[in-house]
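Please read these notes with the model open beside them.

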Amino acid sequence: MNTTWSRFNIASLVFGFAFLYLPIVLLVVFSFNESRLVTVWAGFSTKWYVSLFHNQSFIDAAWVTIRVGLVSATVATILGTLGALAMTRYTRFRGRLLFSAMIYAPLVMPEVITGLSMLLLFVAIGFDRGLWTMILAHITFSMCFVAVVVQSRLVTFDRSLEEAAMDLGATPVTTFFKVTLPVILPAVVSGWMLAFTLSLDDLVISSFTSGPGATTLPMRIYSQVRLGVTPEINAACTILIAIVAVGVIIASIANKRREVQKARDEQAAARN
Amino acid sequence: MQNLISSIASRLVIAVPYLWLLIFFLIPFVIVFKISLSEVAMAIPPYTPVFNLSAGWQAFADNFSQFSWDNYIWLLEDPLYYKAYISSVIIAAVSTVLTLIVGYPIAYGMARAPATIRPTLLMLVILPFWTSFLIRVYAWIGILKPEGLLNQFLMWAHVIDTPLNILNTNTAVFIGIVYSYLPFLVLPIYSALEKMDYSLVEAAEDLGCPPILAFWKITFRLSMPGVIAGCFLVFIPAVGEFVIPDLLGGSQTLMIGKTLWNEFFSNRDWPVSSAVAVILLLLLVVPIVLFQRAEARAQESEK
């Protein structure tokens with residue numbers, strides 16, 4: 001298999017990755033542009049970042065975004081993990097078909113439909129729109145992504161570990177926390193990160209479900225973009241990209257360390 | 001006692017996410033359907049009749065008689081709406097095919113890469129997906145606009161003399177959808193190709209099968225589950241896409257997500273936007289069910 005990595009394969013990868021990365025790289029580069037024009041290079045400057053940090057509406061929006069992201073990702077991870085357990089461990093229960101449909105449908109559901117339907121629910125039950133309605137909406141769509149990520153780890157899980165723990169007298173609840181959770185933890189953590197970035201990104205569902213006073217960063221950026229492209233937006237986007245990139249890099253380093261440690265432990269165990 | 005706790009715990013594992021999704025995912029659709037049968041009103045909330053069980057069954061039944069299919073008749077009579085539906089489906093279908101043409105060689109190249117660098121390549125495909133959708137669409141505005149970077153580059157290279165008008169056309173929408181949804185298509189195809197036994201192709205070639213035919217008859221056939229899942233992951237959300245046609249498309253770009261957004265936020269006509277959503281959902285029910293079945297089947301085969 002390794003011998004036939006043809007020139008065509010390499011070329012398609014180079015073009016593919018250029019297509020994926022060039023727009024983002026250009027966006028970041030032009031956030032450091034001296035000129036007000038986003039497309040003509042006029043020298044290096046960080047003045048757009050300075051002006052961004054003096055823009056109170058951007059800072060307020062950033063705080064709202066982070067609060068919504070942290071709360072919704074955490075609740076979505078708990079609910080999504082439960083959902084994944086229900087899907088893999090209980091193959092027969094009443095309404096399982098409906099349950100799996102409700103887990104998969106939000107993954108592809110157009111956001112305008114999800115946003116509108118959530119909003120109409122909140123109006124129907126008389127829930128004032130604001131930060132909390134937005135959090136509830138974010139939990140609902142991101143828990144399904146968490147469920148799918150955790151589920152893919154659970155199906156390859158060696159059930160005999162759990163059986164051993166229970167044979168030794170552990171209750172199912174203890175078994176879950178002492179055996180199952182540590183094994184599926186990487187999937188749970190990446191589920192949390194996915195839920196957090198989905199929440200950080202969302203524009204459409206947030207626009208429908210938020211109320212006065214709860215404006216997120218994407219909503220702020222969107223209303224600015226409609227007025228025109230400015231280096232300030234580029235700077236805001238660059239900060240968001242940097243936050244996510246740092247998070248992903250830390251997670252992958254931690255993952256690598258854990259793998260190396262595991263390999264070392266296994267070697268040590270084999271020697272003994 | 002122990003047994004009681006564990007049986008309660010196992011019930012909660014199912015019940016909690018189940019109830020959450022019922023309340024926040026399924027019931028809202030019922031409400032959307034109900035409001036699509038209402039009439040617009042100058043009130044808060046801006047529709048009538050308002051659903052109110054506390055007024056008793058009689059009032060509820062009276063409300064029922066006020067329901068009308070007027071909004072749906074309105075959608076059928078105004079060509080704007082069905083044109084928007086048709087053009088959304090066409091734009092989504094064309095973009096899905098384009099994404100497949102761009103994405104398949106990438107997935108194939110990744111699957112054929114040396115095993116040591118495959119995790120890195122995988123990471124490189126996933127990484128852009130972590131950056132905001134809005135940001136990635138926004139990045140293309142600076143590239144595609146008349147005085148943008150693409151035109152500057154092409155004029156500098158003397159390929160063209162006058163700037164191309166790409167921004168605010170359907171071409172820009174295609175580019176935006178292909179770009180934004182590419183990872184959704186590459187990943188399932190890659191995971192199908194990676195599991196494939198390549199000696200099958202070698203055997204076919206040894207027996208005199210031309211490489212292109214071997215690719216088509218073996219590699220592509222075996223990657224079909226990934227292709228199907230990927231295409232659904234692109235097509236279904238693209239039909240209802242709002243951000244891309246709004247920022248990259250022009251006034252002639254008709255897409256139903258944009259229509260729904262405008263009905264709701266500009267015209268404040270909640271009943272009509274609900275009716276638009278109901279029809280969009282009906283349009284997508286078949287692909288969604290097919291997608292869900294394909295996913296469930298893939299999940300079963302993993303076990």
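1. The contact draws 80 residues from chain B and 69 residues from chain A; two residues are in contact if their C-beta atoms, placed from the backbone, lie within 7 Å. On the side of chain B that touches chain A, helix α1 (residues 2–36) of chain B gives the largest share, 21 residues. Helices (H or I, at least four residues) and strands (E, at least two) are DSSP runs, numbered from the N terminus.

2. This is a predicted model, in which local features need pLDDT of at least 70 and side-chain atom pairs count only at pLDDT 80 or more, while totals for chains, interfaces and linings use all residues. Residues are numbered from 1 along each chain as its sequence is written, and chains are lettered from A and ligands numbered from 1 in the order in which they are written.

3. How do α8 (residues 170–195) and α11 (residues 224–239) of chain B cross? Their axes come within 7 Å and cross at roughly 160 degrees, which makes α8(B) roughly antiparallel to α11(B) (angles over 145 degrees count as such). Axes are lines fitted to C-alpha atoms, for helices over the stretch in contact, and angles run from 0 to 180 degrees between N-to-C directions.

4. Among the residues that meet are B:Tyr181 and B:Phe184 in α8(B), and B:Val227 and B:Leu233 in α11(B).

5. Chain A has eleven helices and zero strands. Its C-alpha trace spans about 70 × 60 × 35 Å along its principal axes. Of contacts in chain A between residues at least 6 apart in sequence, 77% join residues at least 24 apart.

Terms used: Angles under 35 degrees count as roughly parallel, over 145 as roughly antiparallel, 65 to 115 as roughly perpendicular and the rest as oblique.
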